[in-house]
Each structure stands twice: as C-alpha cells, then as structure tokens.
Amino acid sequence: TTGKFTYDPGFMSTASCNSAITYIDGDKGELLYRGYPIEQLAVHCDFMEVCHLLLNGELPNQKQKTDFVANINRHSLVHEQMQFFYRGFRRDAHPMSVLVGTVGALSSFYHDSLDINDPEHREISARRLIAKMPTLVAMSFKYSIGQPFVYPRNDLSYSANFMRMMFSMPNEEYKINDVLVRALDRILILHADHEQNASTSTVRLAGSSGANPFACIAAGIACLWGPAHGGANEAALTMLKEIGSADKIGEFVKQVKDKNSGVKLMGFGHRVYKNYDPRAKLMRETCHEVLNELGLQNDPLFKLAMELEKVALEDDYFVSRKLYPNVDFYSGIVQSALGIPVSLFTGIFAMARTIGWIAQWNEMISDPEQKIGRPRQLYTGSPVREVKPISKRG
Ligand code: SDX
C-alpha cells in the first residue's frame, strides 16, 4: 500500500482511489449512487435527475432540474464541421470506432479554450459531453444507414430527443412512445456509473495527466468496447441467437463448462458482484414492460434468456463460482425491442456511462492532492546482465 493507493497483484488491478460517487457491495448485490439505492432511482427519477445527482452530489429540486436540463439542451448541437468526420468512415464501420474518433475530435473544438483547473470550465465540459453524446451516437447510426442527420430539439426530454434523432426522417416524423422513452431512460440510469470499472479507471488514469476531458472520455469509450466489459450486451444477444432454442441450452452449458472451449456465458459473472447484479433485475423488469407495450410478450429470445438464467442459477458450476446475471444479460433484448441495432448497444452504454466517467473525472481533478496515476508492476523478467558484442552472442 502506498499512501491512498493500494496494489493487489492477485487481481492485477491497478490503483484504487477514494471516491464519494458510487458504492457497490458485491456480496449483497447492492448499488448506491451518492447513497441512493439504484432500485429507488430507477423508479422515482429520470436520467437528467440522476446526471445532476452524480455530478453535483444531490438530487435536484424542480428549479434546479429545469435549469440543468435547459443547460444540457443548449449544448446538444455539435459543430457543423463534425459531420465531415463521419464522411471519413466506411458506412459499415462499428459505431464504437466512430464514437472513439468523433468524441476524441470534440477536443479539437474546445482544447485551447479549456482550463481544467477552473471549476466552471469543468462544468461546461461535463455539460457538453452529456449533451452531445446522444447527438454523436444517433449521427453514427444515421450515417451507417445513409439517412440524413436529425438535429436535436430543446422541447424534448433527453431520451425522447435521442429516439427522435435515431428514427425520425425528413419525410416521416418519429412517433414518440412514452413507455419506450421511459425504458430507454431507465437503461441509461442503470448504466450511468459503476465505481472503478475498467473504463472509468481508464478515464481517471488518462485524466490524471491533465489531458483534455474529451480525449479522456474517448479513452474510456475505447476500453468499454471490449467484450469482457461494455461489449458484453452485444455478445450476450449474439450468444442467445446462436443457442437458438431452449432444447439447445444443455449443449451450450456443456460447452461453457469445457474450459478448452473458451465459451463464456455472456452477461453472466462480474469482477465485483458475487451475488445478483441489482441492475440485471431492473433490466429484466424493463424488458417485460417494453415487450408487453409492443405486444411481444412471447418474444422467443426473452423466453430463452429467462430459461437460460433459470438453468444456470440451478447449476452448481455457476452457483459455486458465484456467477449471476449482470447488467448486460437482458439489456440487449430490451434495446433490440426499442429498435436499436445490436452494433449500437455499446454506444448506448457509452452514452449512459459518460455521466459516470465525467463525474469521476471531475471528482479527481477537483482534488488538490491529486497526482498523476502511476500503477506499479511485479517484475518477472531477467535479472540484470551484461551486454555482449554481437559477434559474441549465441
Ligand atoms: C460489465 O467492472 C464493472 O463494474 C463492469 C460493469 C460496469 O457497469 O462497468 O459492471 C459492466 O463489464 C459487466 C460484465 C460484462 N461482461 C460479461 O458479461 C462477459 C462475461 N463475463 C466474464 O467474462 C467474467 O465474468 C468477467 C470478465 C465479467 C469477470 O471475470 P473474472 O473476474 O475472471 O470472473 P471470476 O474471477 O469471478 O471467475 C471465477 C470463475 C472462473 O472459472 P475457474 O477458473 O474458477 O474455473 O468463473 C468463471 C471463470 O472462468 N467465469 C465464467 C464466467 N465468468 C467467470 N464462466 C463462464 N461464463 C462466464 N461468464
């Protein structure tokens, strides 16, 4: 242990840190944002209230919420030149590759006017990132299908705005469905922050050098893309489609138990939760609500997912290893039902997690004691030795 950083080679984790934002009890399956249980926030709040909470430490009253939302809306447009970045990508580029590029490019518009030691500049950067992510994600989708970009509107809620930017056409306005918008809002709340996960640690480490916050968030997006992290929701849906039907579950579970197969039960297991991920329960409920609203109660993938979950929770291989569903197990099914393409699932995760990343970045940069992160290693290489002239090397 060196001061406030601890290094635990057993888990190859890097530095841990002090934070007052999110608390997880992995054994109890508890998740609190600034002390509020996720189960209560997901039911009583919308995503903008949760953004205010994570960033400022308190839930907003009505006036604070109105001002906060107005400020976010004011920043939801991106510079007109941003659209030319999209034109450089292949139409079939993975949206996460586009997002890494376009969010990183945002720093070119703000870098020279940004002093991260000025709390006001940090707050404006946070607003810009929260506000522009839905616009950038929706633009990556529109570009991939050859449809014109749709501008955000200030009279719509955050999630309604996103759904409209995704699915509206110049000749056919998207019809906003409040149940679906509420479902998306809850998905964003459930993914908003999660303590020092891999992508948040990436943002903190990048930010500790004083780098531009837009570039730090781009680094977090790159890390989130991995299938062991944010890419798991895409992988979990692909897994369900490959299993195909309930009578194939036994064969699949056999493959998972065969260590040589390399097959994992995607959407299951967690580095911290050794109990049920509270977000997974809320995601399954959201799934139910959306499928009922759309008359898809008998959605075969949802039924297959519930059967697979039941089988795994009764199988000693998973129970003995404390493997439970995590946030990604059901999120793919509900996002599919909302019309979101599989390739964009992790982009939605990044859109949600941006508030967590920027709140954690802000907490770190505001700490006057903060120093550049410098995780250490356990050296396992050669002891010191002399260099021989090349003619003498074997
Ligand atoms: C997210 O950190 C965060 O907070 C992340 C996240 C967030 O909000 O930011 O919660 C989001 O990333 C959720 C996780 C999404 N990933 C997946 O669903 C991918 C599938 N899950 C696994 O790859 C895995 O569970 C991890 C990566 C999530 C955790 O891996 P660990 O730390 O190796 O898990 P472990 O140490 O608990 O494993 C114990 C045993 C091992 O087997 P043995 O060596 O004991 O025989 O369980 C096995 C593992 O091989 N195991 C699995 C498994 N996960 C662990 N076996 C089959 N399927 C799985 N999913």
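The model is predicted, so local features need pLDDT of at least 70 and side-chain atom pairs count only at pLDDT 80 or more, while totals for chains, interfaces and linings use all residues. Residues are numbered from 1 along each chain as its sequence is written, and side-chain values use heavy atoms, with hydrogens and water left out.

Begin by selecting the ligand together with the 25 residues around it, of which His194, His270, Arg271, Lys274 and Arg279 come nearest; a residue is near a molecule if one of its heavy atoms lies within 4 Å of it. If you colour this shell by class, you will find ten nonpolar, seven polar and eight charged residues.

Next, select Arg271, where a polar side-chain atom lies 2.9 Å from an oxygen atom of the ligand, and then Lys259, which has a side-chain N or O atom 2.9 Å from an oxygen atom of the ligand.

Now move to helix α16, residues 328-337, in which nine of the ten residues are buried, meaning under 20% relative accessible area with a 1.4 Å probe and protein chains only. Among the buried residues are Phe329, Tyr330, Ile333 and Val334. Show α8 (178-190), α11 (232-243), α13 (278-293), α14 (300-313) and α17 (345-366) as well, as the buried residues of α16 pack against these helices. Finish at Gly339, which follows α16 and has a positive phi, near 95°.

Note on methods. Polar contact = N/O pair within 3.5 Å; in protein donor to acceptor, adjacent residues only side chain to side chain. Nonpolar A, V, L, I, M, F, W, Y, C, P; charged D, E, K, R; others polar. Buried < 20%, exposed > 50% of the residue type's maximum accessible area, 1.4 Å probe, protein only. Helix = DSSP H or I, 4+ residues; strand = E, 2+ residues; numbered from the N terminus. Contact = heavy atoms within 4.5 Å.
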